[in-house]
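Subject: Structure handover

Hello,

Please find the structure below, followed by notes on what was found in it.

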Amino acid sequence: MEGYDSALVETLLSFQCLSGSRSLMGMLSSLRLQAIFQKRNRRWLFVVFAVALTHLLLQSLLLPYGQALQSLLPDRQMLGEEEENSFLPIPSSKSSVVRNPLTLANVPEMSNVSVSIVVARTSVELNDSIHILKTSLLDADEKSSSISSTSRDGEHIEPLALEGQNENIILEMGGDDTIQLNVSKNASMISDGSPSFTSLIVASPPNISFQDGLLLNEMGTGVSSNSSMNGKSASKKESLVTTSPTKKKMRCDLPPKLVTTIEEMERIFARSQASPRSMRPRWSSVRDKELLAARKEIQNAPIALGDQELYAPLYRNISMFKRSYELMERMLRVYVYKEGKKPIFHQPILKGLYASEGWFMKLMEGNKQFVVKDPRRAHLFYMPFSSRMLEHAVYVRNSHDRTNLREYLKQYTDQISGKYPFFNRTGGTDHFLVACHDWAPYETRHHMERCIKALCNADPTQGFKIGRDVSLPETYVRSARNPHRDLGGKPPSQRHILAFYAGNLHGYLRPILLQHWKDKDPDMKILGPMPPGVASKMNYIQHMKSSKYCLCPKGYEVNSPRVVEAIFYECVPVIISDNFVPPFFEILDWGSFSIILAEKEIPKLKRILTSIPEEKYREMQLRVRKVQRHFLWNAKPVKYDLFYMTLHSIWYNRVFQVKPR
């Protein structure tokens, strides 16, 4: 019995131990589960906190100050107790600026609204398509108005039949993109007094997509849409309007951020001659040695005294110019590539605004003195394309995309560099092009970057290299058969107009000129666009022939044909264009026969001109007549004319940029 009891006790004890261990294990398991849940909770709390913090940081960049925390709240709380709409009334005398179109200043007035909306981080794609611009415009009077637009080319698009007051809405997309519209208000009030959306359909130009608040939906056809705030429904009046491409606020419509003064250009030119930065050739050539020998001869040129052909005050250094020109005539050989198809290649334009590139192409390809058939004999290689015909044949109108033009020229350079070894030997430093279109600097970037570029758009802030590239005169040729038609002007004693300008208001500078001087002073004949017709052109020419000073303000780009026109009609040119490198800058002393002013000096224009003594003016006018020969095209090239001067500047810059192997 005792043995049985002891066995029972042991069994009970073992069972009790087993039960205790199980309860202990259960407690440990529950503690582990609690720890896991606490870790998970902490992780979720951390994730939620990180998301909220990120949201606040992003919203602080996108929203006006003080709206970041409110943006986490419901829409009704974010807008306030009395503001339930995303756009609120704006006063007639002010423009409201919105960084994000979620909110707008609350002003009670509702008439003659002028809205300036600045949308941050917005993408704008300029294609021809139809979009819906949904914007809320309060109109207490419930009057309708119209929307109109002016294209870059100045074509006015008439609005549809709508009545009422106009409103100006400027959409600045960031960068260079701005869209300006005269918008019609046609909003109706919903049942509780809050306004509904006005639907405006904007057709063509900008294929605009807003990612930051303003709603634009691409539509294949002109369809208006209805919407109301907070699900409320009411009757609405909708305005359906189409417009042409609106005028963008591009780089050419803004003053330059950087300005290179004429004094700084002089310093850059001196440095480029003292220490050239061109690429060293991959292997040596006899032609390089000939160019290096020519450089020494030019640098040690004998002093030219009493030269009968050249007027010394016109030049930086008449002795170097004379010696360089003689060596060019004796030594220079040019190879003209036959590759490339018409009309972009080998088809010159001899009339109009871009005639300079066409005349050079025609005379260079037909020249027998410099052109060689064997490229191994050549010091320079000419790529004969027309930047004007490239734009005409390849550019898709209103696409606002020029990459296909640049790609076209890249394929051309790939072709000649794959077929010939000469481009690869120097990286293109002994190759040159002549282009007068405003887009030429962009079209020739990268793949032709090391080439010598003779450009009308000679802007050092846009890639023009002083000392390597050549500033090409932009000549407006009115008659291809007789490019000298109407040449000359009246003598100084018969020039009774102090200063003259007439022309289109391209760019930002010309409107400023007219603002200061149009109809302000009888001595300053400052006009806007001349009416079309032959009589108007003759009137323009007679004004230039009768003026002492002819103003040459920049247009969309730094260059202007008026510089050469002034010389053509023997009028002293007044160049008003920051960052413009004057033609043949490496040879001519422009200060001797022209006046170069900073754009900021327009208000002081008359004071500057009247401060020039009469004797000084007559001296400058004489030098204009002397320098005129360098700016004339001839059917058969004449010594020192525009063809030879262009070719000489290309030769001269190559001589001073070549490096030995």
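Two strands are taken to pair if DSSP finds at least two bridges between them. On that basis, Ala 499 has Met 524 in E18 as its bridge partner. Please keep in mind throughout that this is a predicted model.

The E17 sheet

Strand E17 covers residues 497-501. E17 and strand E18 (residues 524-526) run parallel and are joined by 3 bridges. Strand E19 (residues 547-553) is likewise parallel to E17, again with 3 bridges, and here Ile 497 stands opposite Ser 547. Of the 5 residues in E17, 5 are buried, so the strand is largely enclosed by the rest of the structure.

These strands belong to an open sheet of 5 strands with parallel pairing, ordered E18-E17-E19-E20-E21. At the edges are E18 and strand E21 (595-597), each of which pairs on one side only. From one strand to the next the twist averages 20°. Helix H15 (residues 614-627) lies across E19, strand E20 (572-576) and E21, and its direction is at about 95° to E20.

The E12 to E16 sheet

Another open sheet has 5 strands in the order E12-E13-E14-E15-E16, and its pairing is parallel. Strand E12 (334-336) and strand E16 (470-471) are the edge strands; each has a single partner strand, so one side of each has no neighbour in the sheet. The pairing of E12 with strand E13 (residues 380-382) is parallel and extends over 3 bridges. Within it, Tyr 335 has Phe 381 of E13 as its bridge partner. Helix H6 (residues 355-365) packs on this sheet and touches E12, E13 and strand E14 (431-435). The direction of H6 makes about 135° with that of E14.

Helices H7 and H8

Two packed helices are described by the angle between their axes and the distance between the axes. For helix H7 (residues 387-394) and helix H8 (residues 403-419), the axes come within 10 Å and cross at roughly 120°. That angle makes H7 oblique to H8, given that 65 to 115 degrees would count as roughly perpendicular and over 145 as roughly antiparallel. The crossing is right-handed.

Which residues make the contact between H7 and H8? On the H7 side they are Leu 390, Glu 391 and Val 394; on the H8 side they are Asn 404, Leu 405, Tyr 408 and Leu 409. By class, the contact has 5 nonpolar, 1 polar and 1 charged residues.

An α-helix has 3.6 residues a turn, so residues three or four places apart point the same way. The buried residues of H7 are Ser 387, Met 389, Leu 390, Glu 391 and Val 394. Beyond H8, the buried residues of H7 pack against elements including H6, E14 and helix H10 (440-443).

The loop at Ile 303

Ile 303 sits in the loop between helix H4 (286-299) and helix H5 (318-331). Is Ile 303 buried or exposed? Ile 303 has a relative accessible area of 71%, and it counts as exposed because the cut-off for that class is over 50%.

Regards

Definitions and conventions
Residues are numbered from 1 along each chain as its sequence is written. This is a predicted model: local features need pLDDT of at least 70, side-chain atom pairs count only at pLDDT 80 or more; totals for chains, interfaces and linings use all residues. Side-chain values use heavy atoms; hydrogens and water are left out. Axes are lines fitted to C-alpha atoms, for helices over the stretch in contact, and angles run from 0 to 180 degrees between N-to-C directions. Helices (H or I, at least four residues) and strands (E, at least two) are DSSP runs, numbered from the N terminus. Angles under 35 degrees count as roughly parallel, over 145 as roughly antiparallel, 65 to 115 as roughly perpendicular and the rest as oblique. A crossing is left-handed if the near helix is turned anticlockwise from the far one by less than a right angle, and right-handed if clockwise. Contact means heavy atoms within 4.5 Å. Ala, Val, Leu, Ile, Met, Phe, Trp, Tyr, Cys and Pro count as nonpolar, Asp, Glu, Lys and Arg as charged, and the others, Gly among them, as polar. Buried means under 20% relative accessible area, exposed over 50%, partly exposed in between (1.4 Å probe, protein chains only).
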